[in-house]
Amino acid sequence: KKILQIFSSKVKTQKQVKFLIRGGVPPELRGKVWWACSGANEKISAALPEEQYKVLITQTDAMTGTSIANDIEKDLMRTFPERINAGNTITVDSLRRVLRAYALRNPEVGYCQSMNYLCALLLFHMSEEQSFWVLAALIEDILPANYYTPSLLGGRVDQQVFQSCVAWKLPQVYSIFKSTNTLLEPIICPWFLCLFINVLPLSVVCRVWDCMFWEGSTVLFRIGLAMIKSKTKEIIEANDFIKIYSVLKVSNSKTYSFELENRDSLHNSSTSNPSTPPGSSMSQGHSSGGLDVLQDFGSISRAEHLINSAFGYRWLRSVPKAKVDFLREKFLALLEGDRNERMLAGKCSSGPSGLSTALSNTKPANGGAAPASPLSTFSHRFSGIFRTSSAQ
């Protein structure tokens with residue numbers, strides 16, 4: 001409750017809040033903390049009468065039969081099927097209403113696959129209306145622009161920035177990716193679009209989101225780097241991209257794809273624990289809204305080490321927001337420039353999927369060698385960009 005007391009006080013001590021949030025928000029308070037950190041309250045205050053959730057949901061039935069409504073319907077039953085409509089957890093109707101209402105609020109985005117998971121996780125912790133506004137804050141304010149528009153440009157930019165951070169912070173691993181022509185996009189795309197849902201155990205995802213709502217989307221890069229660092233030994237031992245894929249995308253669980261390592265792999269014993277105070281909520285089992293996010297105590301322990309790795313290692317603490325924003329701006333210009341060049345040359349369609357098709361096309365032409373991967377294509381441009389950003 002100390003977190004909420006700090007939020008309600010007139011003088012906010014940001015370091016104190018950050019320390020507490022990194023230590024783990026108790027599940028019964030998580031919805032309140034996410035609401036307070038997201039800026040959703042400001043969005044609802046600034047909304048016009050016709051933009052209010054209660055007004056929008058009166059229009060959702062009229063969407064039935066539209067392409068957006070059909071896309072939403074396809075994903076509803078795939079979203080946490082073991083939890084939706086089970087006991088006192090959320091219902092399919094709630095999820096449908098929030099997703100349709102947001103599509104009405106933001107026609108430029110409409111609906112994108114993976115938003116169903118984001119919305120469901122919010123509904124596990126708060127009401128429908130609160131989930132709607134936090135989802136709006138997440139898509140419109142916390143994440144970069146165009147993350148979930150048809151072009152997915154914001155997400156693609158972050159994937160390139162992340163690969164740049166791998167080259168910067170994990171050069172040995174990056175050199176292996178490059179020498180084996182390993183495309184990271186198929187692996188890291190769901191990391192960023194789903195914000196680690198279905199990639200890490202839900203208990204760990206909630207911890208990541210705690211930090212993301214308070215510290216911003218730069219947290220996603222730190223977590224991703226810590227995940228790859230935990231697999232350094234296996235990646236070095238792998239000699240082809242298939243083995244590397246199996247290292248980064250194979251889990252014994254049916255609900256998440258990345259297998260967290262034990263303490264020795266993730267957290268060096270000599271590294272201090274800067275983020276988890278004694279008696280942290282992560283050592284206690286709580287439940288919220290029927291979602292026992294801390295029921296997997298093995299995941300709880302591994303979550304501690306992942307979070308501590310992301311925020312404890314000095315080399316990861318030096319991934320500042322200013323540098324990430326700089327790289328985002330540069331890669332956005334590169335991606336948009338490449339798209340324009342390909343469109344002018346007639347090598348890709350003018351539709352929103354054209355850039356994706358062009359970037360993912362690795363099929364050899366006329367029996368020749370396969371074209372350079374997006375990773376290698378951008379790496380030589382990145383080297384100049386990064387030297388510039390490092391000098392700032």
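Me: Which residues in H3 meet which residues in H13?

Reply: This is a predicted model, in which local features need pLDDT of at least 70, side-chain atom pairs count only at pLDDT 80 or more, and totals for chains, interfaces and linings use all residues. Residues are numbered from 1 along each chain as its sequence is written, and side-chain values use heavy atoms, with hydrogens and water left out. On the H3 side, Arg 30, Trp 34, Cys 37 and Ser 38 make the contact; on the H13 side, Cys 206, Arg 207, Trp 209, Asp 210, Phe 213 and Trp 214 do. Contact means heavy atoms within 4.5 Å. By class, this contact has 6 nonpolar, 1 polar and 3 charged residues, where Ala, Val, Leu, Ile, Met, Phe, Trp, Tyr, Cys and Pro count as nonpolar, Asp, Glu, Lys and Arg as charged, and the others, Gly among them, as polar.

Me: What makes H3 roughly parallel to H13?

Reply: Helix H3 (residues 27-38) and helix H13 (residues 202-215) pack at an angle of about 30°, with their axes 8 Å apart. Angles under 35 degrees count as roughly parallel, over 145 as roughly antiparallel, 65 to 115 as roughly perpendicular and the rest as oblique. H3 is therefore roughly parallel to H13. The axes are lines fitted to C-alpha atoms, for helices over the stretch in contact, and angles run from 0 to 180 degrees between N-to-C directions.

Me: Why is H8 called roughly perpendicular to H13?

Reply: The axes of helix H8 (residues 115-123) and H13 come within 12 Å and cross at roughly 90°. By the angle rule, H8 is therefore roughly perpendicular to H13. Leu 118, Leu 121 and Leu 122 in H8 meet Leu 202, Val 205, Cys 206, Trp 209 and Phe 213 in H13. The residues of this contact divide into 8 nonpolar, no polar and no charged.

Me: What makes the aromatic pair of Phe 162 and Phe 192 edge-to-face?

Reply: Rings of Phe, Tyr and Trp (its six-membered ring) pair if their centres lie within 6.5 Å; planes under 30 degrees apart count as stacked, over 60 as edge-to-face and the rest as tilted. By this rule there are 14 aromatic pairs. Phe 162 and Phe 192 lie 5.5 Å apart, centre to centre, with 65° between the planes, and the pair is edge-to-face. Phe 162 belongs to helix H10 (residues 153-169) and Phe 192 to helix H12 (residues 185-193), so the pair ties together parts that are 30 residues apart in sequence.

Me: Why is the pair of Trp 191 and Phe 196 called tilted?

Reply: Its centres are 6.2 Å apart and its planes 40° apart, and the pair is tilted. Phe 162, Trp 191, Phe 192, Phe 196 and Phe 221 form one aromatic cluster.

Me: How do you know whether Trp 191 and Phe 196 are buried or exposed?

Reply: Buried means under 20% relative accessible area, exposed over 50%, partly exposed in between (1.4 Å probe, protein chains only). Trp 191 has 1% relative accessibility and therefore counts as buried; Phe 196, at 0%, counts as buried. Phe 162 and Phe 192 are buried as well. Of the 392 residues of the protein, 54% count as buried.

Me: Why does Ile 72 count as buried?

Reply: Ile 72 has 0% relative accessibility, so it counts as buried. Ile 72 lies in helix H6 (residues 67-76). Leaving aside its neighbours within four places in sequence, Ile 72 is in contact with Leu 99, Arg 100 and Tyr 111.

Me: How many helices and strands does the protein have?

Reply: The protein has 22 helices and 0 strands. Helices (H or I, at least four residues) and strands (E, at least two) are DSSP runs, numbered from the N terminus.
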